[in-house]
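Please look over the model below before reading on. My points follow in numbered order.

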Amino acid sequence: MTAERMHAASAESTAIVDAVLDYSRRRMLSDFVPLDKPQTPEELIRLTGGRTITDQGLGATRALATFEHVLAPACLSTSHPLYLSFIPTAPTMAAIAFDLVVSASGLYGGSWLEGAGAVHAENEVLAFLAREFGLPDSAGGVFVQGGTIGNLSALVAAREAAKARLVAAGKELPTRWKIVCSTEAHSSNKSAAKVMDADVLLVPAGEDGRLHADGVRAALAEHGDEVCAVVATGGSTNFGIVDDISGIAALKDEFDFWLHIDGAYGLTAMLAPEARPIFAGVERADSMIVDPHKWLFAPFDCCALLYRDPDNGRRAHTQHAEYLDTLTDADDFNPSDYSIQLTRRPRGLPLWFSLATYGVTAYREAVSATLALTQRIAEEIARRPELTLVRDPQLSVVVFERNGWDRADYDRWSDRLLDTQHAFVVPSSHAGRPNTRFAILNPLTTFDDLVGILDTMK
Ligand SMILES: Cc1ncc(COP(=O)(O)O)c(C=O)c1O
């Protein structure tokens with residue numbers, strides 16, 4: 001038993017790799033993937049037999065069996081077509097398969113020196129997304145872990161740019177920076193402000209759930225140079241509603257401010273020609289994010305962060321250290337310079353492989369089909385006397401109430417759906433009233449699937 005056995009290409013290693021690839025293959029290509037459900041810690045301790053980490057190791061066969069038969073069934077299949085809660089995920093076969101390759105190859109995506117080929121491919125995807133969103137050719141950025149880190153990185157870059165602008169103008173810096181966003185904005189923007197020790201100016205969304213220019217104008221007029229960024233949401237999490245981006249972007253003619261678009265969930269809808277008008281104005285943004293692990297069919301965890309002028313990202317985020325000088329002194333494009341992270345896997349590669357494999361048209365069709373399915377199920381909900389549509393959907397989230405139900409009714413119904421492995425649909429609420437929602441983005445979700453769930457609410 002030598003330590004080298006863990007790394008050597010040996011018969012033992014071959015058996016481990018074969019077993020893991022065989023499991024991955026079976027899981028990916030199975031006709032029937034269960035929804036599964038969580039277990040209590042006590043139950044998991046009992047089922048795993050107590051400790052799985054021991055001095056001598058269990059061996060791959062037992063460790064993998066523990067995962068396959070105990071741990072995996074205690075994890076929800078978030079890419080299941082009837083997982084309709086929060087924001088699901090739905091990676092393509094090509095993207096999932098290629099995720100294995102990213103791990104297999106020891107790829108490092110932080111610097112051009114170490115990962116030129118991977119960084120080139122990621123940059124091609126970022127350039128494609130920038131074009132889709134109407135940004136200039138000079139736009140660029142980096143794939144980060146998720147929308148939370150993407151928003152934080154963009155907002156830090158916004159603050160650094162605001163600081164530089166005020167210093168250049170000989171103005172005093174504010175004691176506290178302010179970030180303007182809607183009451184419907186994602187919690188990660190508030191979390192970013194907290195990390196930055198900045199204040200959030202919450203502008204109430206309109207009756208339609210959208211942030212409008214009037215409220216933003218008032219905030220900018222009152223707080224002026226203290227505002228380092230305005231965040232417009234391109235698809236709110238709860239309702240999939242898009243702010244009045246064009247009205248907010250037009251305020252750039254009156255005020256000098258950084259516009260950030262939080263499109264973590266919804267910006268992908270711009271791939272569908274019919275949805276593009278909803279996003280008019282995004283082309284004026286200074287930064288934006290979209291999460292490929294949501295509607296761009298990549299596996300967890302992946303957020304594309306784009307800057308109109310990537311130098312703003314670099315100025316805010318490049319880390320300096322003696323051992324890094326060889327990287328930072330070069331003129332190369334180093335992805336780590338553009339966000340809050342240094343070491344990074346090239347997490348954009350599964351998306352690159354999937355786009356390169358299937359082509360963009362397949363993506364456009366998938367997004368269009370989901371938008372159409374959402375409209376169709378919303379009409380069905382509106383038609384049913386026992387249900388009330390809370391708002392007309394704009395993208396692919398439908399929120400509705402079961403008339404007469406209180407929160408406990410929703411909880412019981414939702415638990416039953418999961419217990420019977422029918423679907424994962426959790427309760428939500430709006431304006432203090434309980435409701436539920438379908439967040440749809442998996443191309444395998446069908447109208448009949450959704451009707452089947454509605455039928456359980458009669
Ligand atoms: C609009 C929006 N912004 C940001 C986030 C945060 O993204 P992540 O969970 O990838 O950190 C989400 C997540 O659902 C979101 O819907």
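**Notes on the model**

1. Asp 36 sits in the loop between helix H1 (11-29) and helix H2 (41-48). Helices (H or I, at least four residues) and strands (E, at least two) are DSSP runs, numbered from the N terminus. The phi of Asp 36 is near 65°, a positive value in a residue other than glycine. Most residues other than glycine have a negative phi, and most peptide bonds are trans.

2. A word on the source. This is a predicted model, in which local features need pLDDT of at least 70 and side-chain atom pairs count only at pLDDT 80 or more, while totals for chains, interfaces and linings use all residues. Numbering starts from 1 along each chain as its sequence is written.

3. Asp 301 belongs to the loop between strand S6 (287-290) and strand S7 (303-307).

4. Domains next. The chain splits into domain 1 (3-75), domain 2 (100-358) and domain 3 (360-455). These bounds come from an automatic or database domain assignment. Between the C-alpha centres of domain 1 and domain 3 there are 34 Å.

5. H1 packs with helix H3 (residues 60-71) at an angle of about 15°, and their axes are 10 Å apart. Axes are lines fitted to C-alpha atoms, for helices over the stretch in contact, and angles run from 0 to 180 degrees between N-to-C directions. H1 and H3 are therefore roughly parallel to each other. Angles under 35 degrees count as roughly parallel, over 145 as roughly antiparallel, 65 to 115 as roughly perpendicular and the rest as oblique. The H1 and H3 crossing is right-handed. A crossing is left-handed if the near helix is turned anticlockwise from the far one by less than a right angle, and right-handed if clockwise.

6. Which residues make the meeting of H1 and H3? H1 supplies Ala 15, Ile 16, Ala 19, Val 20 and Tyr 23, and H3 supplies Ala 60, Thr 61, Leu 64 and Glu 68. Contact requires C-beta atoms, placed from the backbone, within 7 Å. The contact of H1 with H3 has seven nonpolar residues, one polar and one charged. Ala, Val, Leu, Ile, Met, Phe, Trp, Tyr, Cys and Pro count as nonpolar, Asp, Glu, Lys and Arg as charged, and the others, Gly among them, as polar.

7. Helix H5 (residues 112-132) packs with helix H12 (residues 349-358) at about 65°, with axes 9 Å apart. That makes H5 roughly perpendicular to H12. Their crossing is left-handed. From H5 come Ala 118, Ala 121, Glu 122, Glu 124 and Val 125; from H12 come Leu 349, Leu 351, Trp 352 and Leu 355. By class, the contact of H5 with H12 holds seven nonpolar, no polar and two charged residues.

8. The axes of H6 and helix H7 (residues 187-195) come within 9 Å and cross at roughly 50°. That makes H6 oblique to H7. The crossing is right-handed. Gly 147, Thr 148, Asn 151, Leu 152 and Leu 155 of H6 meet Ser 188, Asn 189, Ser 191, Ala 192 and Val 195 of H7. This contact has four nonpolar, six polar and no charged residues.

9. Finally, the ligand. It is surrounded by 14 residues, the closest being Gly 146, Gly 147, Thr 148, His 186 and Ala 264. A residue is near a molecule if its C-beta atom, placed from the backbone, lies within 6 Å of it. Helix H6 (residues 147-168) gives the most to this shell, with three residues. The shell divides into four nonpolar, eight polar and two charged residues.

Notes:
Two residues are in contact if their C-beta atoms, placed from the backbone, lie within 7 Å.
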